[in-house]
Amino acid sequence: METVSENRAFGGTQGFYTHDSAETGTEMRFSVFVPDHAAGAKLPVVWYLSGLTCTADNVTEKGEFRRTCAALGLIFVAPDTSPRGDAVPDDEAYDFGQGAGFYVDATEAPWSEHFRMRSYIETELPSLIAAQFPMADMTRQAITGHSMGGHGALTIALRNPDRFRSVSAFAPIVSPLHCPWGEKALGGYLGPDRAAWRAYDACALVEDGARVPEILVDQGDADQFLEEQLKPELLEQACRDTDIALTLTMRPGYDHSYYFISTFIDAHLHWHAERLA
C-alpha cells in the first residue's frame, strides 16, 4: 500500500492510498478516514460505495461525514467504483466501463480480466484494511452507498449477512433487472442469461432467500432518475413480502446529487453507530 496523502481533519486523519490489486490487475485507489483514538483501541468500520462516474474522491470531498465519524469513532472507507488505466477496457458511455463497475465480477470478454469489483470489495480490500489499519475492528462493519453504490451496498450486505451489522443506501438502484442502467451493465458484464444477474439484484436476492434484519434507505422525490432507474417501490414490496424491516424515507425536493447525500449522511452514520456499538 502506498500513501498518496494524509491530512488532519476533525480530530482525525483523512488519507488517500493506492495498492496493486490482484483481483483487478490494476492499481486501485481508495480513501480512509480514521478518527483519533486511544492506543490499542478498535474502531468499527463503515464502507461507502460510490455511484456511476464517481471515484473515491466524490464522497471524500463532498460527503461531509468526517465531523460525525470523529464524534462517533467510526472509520470511513471509500473505494473506487471500477478498475482504471490505459490497459483497462472502457466504453464511451458514462454508464458502462471505467467508472461503472457495478460491483460485479464480470464473466464476459473483454471485461472479465479486470472488472472484478465484487471480489475486490468483498475480499481483497477488507483484507488490506485489516492488515494496514490495525485499529479497524473487522468484526464490526457496516455498509452504505449511493445510486450504483447503493445497489452495491444492498447486494453485498445481502450476500454477506454475517459480515455486516447494518446496511443503508442513498437513492439506490434496487433492481438492475428492471431498469436501463442495470440491463445494460449486467448484460454487458455477465452475458444474456438473466438468471446469472440475480446475484446482483437486491430484490431478486431477497426473493431468492437472502435476508438482513433491516435496511435504511433515503430517496429524494425530485430525483431525476427515480421513476425509470431507481424504483424504490420494488424494494419496498420485496421487503414487505419477506418481513425485512425497511425504513424508506422520501425526502421532498431533494435530487440525486451530493447536496442530498451530505444532508442525510449524518443520520445514516448515527443509525449505523447504534448497530455497531
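How many disulfides does the count come to?

1. Zero disulfides come out of the count. The model is predicted. A pair of cysteine sulfur atoms has to lie within 2.5 Å to qualify.

2. Take Cys69. The closest cysteine sulfur to its own belongs to Cys54, at 18 Å. That is too far for a bond. Cys69 is also buried, because its relative accessible area is 0%.

3. Cys179 is in no disulfide. Its nearest cysteine sulfur is that of Cys203, 10 Å away. With a relative accessibility of 2%, Cys179 counts as buried, since the cut-off for that class is under 20%.

4. Next, helix H4. The helix covers residues 148-159, which makes 12 residues. At 1.5 Å a residue it should span 16 Å.

5. H4 is mostly covered: 12 of its 12 residues are buried. Among them are the glycines Gly149, Gly150 and Gly152. Leu154, Ile156 and Leu158 are buried as well.

6. Last, Thr60. This residue sits in helix H1, which runs over residues 56-62. Thr60 counts as buried because its relative accessibility is 3%.

7. What does Thr60 touch, not counting residues up to four places away in sequence? The contacts are Gln14, Phe16, Ser31, Phe65, Arg66 and Ala78.

Note on methods:
Residues numbered from 1 in each chain as written. Predicted model: local features only at pLDDT ≥ 70, side-chain atom pairs only at ≥ 80, totals over all residues. Heavy atoms only, no water. Helix = DSSP H or I, 4+ residues; strand = E, 2+ residues; numbered from the N terminus. Buried < 20%, exposed > 50% of the residue type's maximum accessible area, 1.4 Å probe, protein only. Contact = heavy atoms within 4.5 Å. Expected span 1.5 Å × (residues − 1).
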